[in-house]
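Q: Could we go through this structure together, step by step?
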Amino acid sequence: MQKFNKSILAETASVADMKNMIKDWEVVLVSVLDEIIARYHRNKNYPYIDTKLNIITGKDFEILTDSQIDFKSKCSVFGWIQGRGLESLVGHSKWLKTCSVLTEEEKQSRISALDKMINEVFTQLEKVRIQNNGHLFFTFSPDGQFFKIDDSGKKEPFTLAEDNSTMSDLFYVKGMVEAAVYKNDLAKIEEAKVFFKKILNDIGNDAFRGDQVSFDPKNKVK
């Protein structure tokens with residue numbers, strides 16, 4: 001992969017300078033993508049996009065002894081991130097075909113790795129959604145149990161009592177459509193259309209619900 005060009009201040013950059021910086025941004029994108037791919041493939045029993053790391057130290061957030069107060073490690077999954085992430089994986093796989101800083105072999109190795117990720121993450125999120133009456137949620141355990149945070153700051157398992165669409169559903173359905181089309185899964189494409197229509201109808205009928213969970217009991221999400 002190519003390296004960075006010399007730095008150019010945005011305030012003084014010309015159109016030509018900005019065009020020349022495209023390759024630098026491609027290097028940035030590929031570098032971040034490589035880290036996400038590597039983190040996923042090192043954890044064979046964790047079928048989720050794994051960005052559970054301290055971006056300052058580069059180290060993973062350690063799994064705490066008390067899982068009931070552990071929100072940073074892999075024992076807590078965030079629906080917004082997984083849904084948006086799935087959509088992004090598909091987008092990056094398409095983009096790699098035109099990436100100018102990689103050889104054809106380098107492109108294909110990354111696309112193959114993304115193919116595996118997209119298939120497995122999509123399959124797992126569908127399991128969680130089906131397990132929970134057709135919905136996703138802001139926070140859940142790796143086995144798909146939704147949870148909120150109680151007044152003591154600990155996880156509180158719960159089940160969605162109503163069939164209202166959530167913000168996590170809206171984030172996820174876009175990833176669902178992208179993944180289904182990417183895989184040419186006609187049945188899932190049709191299922192995603194129905195799911196998307198329900199979400200839009202719920203928005204129009206005031207039956208759409210925000211599902212963000214606050215990790216600070218004293219600072220409730222409104």
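Q: Before that, what kind of model is it, and how are residues numbered?
A: This is a predicted model, in which local features need pLDDT of at least 70 and side-chain atom pairs count only at pLDDT 80 or more, while totals for chains, interfaces and linings use all residues. Residues are numbered from 1 along each chain as its sequence is written, and side-chain values use heavy atoms, with hydrogens and water left out.

Q: How many helices and strands are there in the protein chain?
A: The protein chain has six helices and four strands. Helices (H or I, at least four residues) and strands (E, at least two) are DSSP runs, numbered from the N terminus. Read from the N terminus, the order is α-α-β-α-α-β-β-β-α-α.

Q: And what box do the C-alpha atoms fill?
A: Along the principal axes, they fill a box of roughly 55 × 40 × 40 Å.

Q: What share of the residues is buried?
A: Of the 222 residues in the protein chain, 39% are buried. Buried means under 20% relative accessible area, exposed means over 50%, and partly exposed lies in between (1.4 Å probe, protein chains only).

Q: Let us take helix 6. Which of its residues are buried?
A: They are K188, I189, A192, F195, I199 and D202. These residues lie on the same side of helix 6, because they cover an arc of only 145° around the axis; the arc is that of the directions from the helix axis to the C-beta atoms.

Q: Why would residues a few places apart point the same way?
A: An α-helix has 3.6 residues a turn, so residues three or four places apart point the same way.

Q: What do the buried residues of helix 6 pack against?
A: They pack against helix 4 and helix 5 (167–182). On the other side of helix 6, the exposed residues are L186, A187, V194, K197 and G204.

Q: What span should helix 6 have?
A: Helix 6 (residues 186–204) has 19 residues and should span 27 Å at 1.5 Å a residue, which agrees with the 27 Å between its end C-alpha atoms. The expected span is 1.5 Å times one less than the number of residues. After helix 6 comes D206, with a positive phi near 60°.

Q: Now R129: buried or exposed?
A: R129 counts as buried because its relative accessibility is 6%. It belongs to helix 4 (residues 104–131). Leaving out residues up to four places away in sequence, R129 touches G134, H135, L136, Y172, M176, E191 and F195, where contact means heavy atoms within 4.5 Å.

Q: And where does G91 lie?
A: G91 is in helix 3 and is partly exposed, with a relative accessible area of 34%. Its C-alpha atom is 9.6 Å from that of Y182, 91 residues apart along the chain.

Q: Last topic: what is the volume of the second largest pocket?
A: The volume is about 240 Å³. Its lining has 13 residues, and those nearest the centre are I36, I49, T51, G85 and S88. Helix 3 gives the most to this lining, with six residues.

Q: How is a pocket defined?
A: On a 1 Å grid over the protein atoms alone, where a 1.4 Å probe fits, a pocket is an open set of points with protein on both sides within 12 Å along at least five of seven lines; lining residues have an atom within 4 Å of a point. Grid points are joined across faces, edges and corners, and a volume is the space filled by probe spheres set on the points.
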